[in-house]
Amino acid sequence: MPSVKIPRKSTDTDMTPFVDIAFLILSFFIMATKFKPPEPVEITTPGSVLSQKLPENNAVMISIDSSNKVYFSVLSENAPEKYTTIINGINTSQNLGLSPAQIANFRKTFMVGVPFTGLKELLSTDANDQPKLKQPGIPVLDTLNNQLFWWIRESKSAFAGEKLNYLIKGDGKSKYPVFEAVISALKRNEEFKYNLVTALDDIPSGTELYIKERAGEKDLKK
Amino acid sequence: MASIDTGGGDGGHKKGPGVKKAKKLSTRVDMTPMVDLGFLLITFFVFTATMSTPTTLDLNMPKDIKDQKEQTEVKESSVLSIMLGKNDQIYYYEGKLTESGDNFKQTTFKGIRDIIINKKKEVISRYVTDPECEAKAKAEGKPISNCADKDFVVIIKPSAEATYKNTVDILDEMTINQVRTYAMVKIFDQEFELIKATEASGGIK
């Protein structure tokens, strides 16, 4: 009986194309990754359909966390001297008596979430240790002692003559009165335009905006 | 495994006797460690990548006007008042709140879109041609259809128990339904009492 010879196939597959693709993906991720700055408080923003980009400079960010604490931070990487101007303004108007080292530390402080009385302690702490510090939040709910007003006032004068964006980043679970108090602090500074930080949501199909966007897309294609 | 196939090996032709054969070194490089490292890096970047860049929602608030004369007047019949309660509940009424509060209704975030759309349709259907507005729209290069819903106003009144998410969601709903005029105002006591009463009877905690 003639035996049927089964040809031996090599188990060595050529993985070169596979590796090529893998490195392509790797280079894509390296290019696309932008590292998030470490945030001392976790804030989950609600979604909105608007796809406008967030300004990263010339902005102050007011954050509200899920336990209704208010934090204040300045985003001005292009002009670091603004940090000093703001903290100097606060120092003089509130008679805090901060040392030059503490003033310099404000530049590295990512978020301020303490009343003026606790500012000295926060600024004497090294920036790396600040996230461990328990911050009680800036008092806003008391209309007579809305300290956010002062922070906004100083930022406004530091950025005088330039466009300053007011970003409000609130946690979805925070209550409305806090948001209202933040708005009222801004209103008292004669500022009426704000940007609410949101995550991107899809536009629900069938709605007027959806129809409008679709029509706009068609126009662009023509 | 992953390796470069150079096609070399035993394909060479025979050389005559006496010709010394040069020792052939394999040109195959073992690429396994490199590939390992590559995938390790991919995993790292995939996990650290922040794909969802935050976006912003613009909010313009009016200046507080104390003078009654300067306040904008709106047609009562084309106003929709939306109140935000706790547990993501929405309360609304059309026009003016009656003394007995019988036009005070309750809905959720799912139902509010249809209510806004219907109210907008109703306002548009009642529209009588306003030549002044249409001339203005033409001069500014805007569509005349903008005039049809110019009376439509939504008033948003978040209560103390509403969350920030509710507020953003309702503002988003204004964008979705292309409501041009809307305002955020403080809730009235009468309305807050009604919300509380509805919550108590509906068992919303």
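A residue counts as buried if 20 or more other C-beta atoms lie within 10 Å of its own, with C-beta atoms placed from the backbone. Hold on to that for helix H5 of chain B.

This is a predicted model: local features need pLDDT of at least 70, side-chain atom pairs count only at pLDDT 80 or more, and totals for chains, interfaces and linings use all residues. Residues are numbered from 1 along each chain as its sequence is written, and chains are lettered from A in the order in which they are written.

So, H5(B). The helix covers residues 164-176. Helices here are DSSP runs of H or I, at least four residues; strands are E runs, at least two; both are numbered from the N terminus. Eleven of the 13 residues of H5(B) are buried, so the rest of the structure largely encloses this helix. Among them are B:Tyr164, B:Val168, B:Leu171 and B:Ile176. Charged names are on that list too, including B:Lys165 and B:Asp169. Just past the helix, B:Gln178 has a positive phi of about 55°.

Now the interface. In chain A, 50 residues are in contact with 41 residues of chain B; contact means C-beta atoms, placed from the backbone, within 7 Å. H1(A) gives the largest share of chain A's side, nine residues. By class, that side has 27 nonpolar, twelve polar and eleven charged residues. Nonpolar means Ala, Val, Leu, Ile, Met, Phe, Trp, Tyr, Cys and Pro; charged means Asp, Glu, Lys and Arg; the others, Gly among them, are polar.

Last, the strands. S2(A) runs antiparallel to S1(B), joined by two bridges; pairing takes at least two DSSP bridges. There, A:Gln52 stands opposite B:Thr56.

How values were computed: Contact = placed C-beta atoms within 7 Å. Expected span 1.5 Å × (residues − 1). Buried ≥ 20, exposed ≤ 12 C-beta atoms within 10 Å, placed from the backbone.
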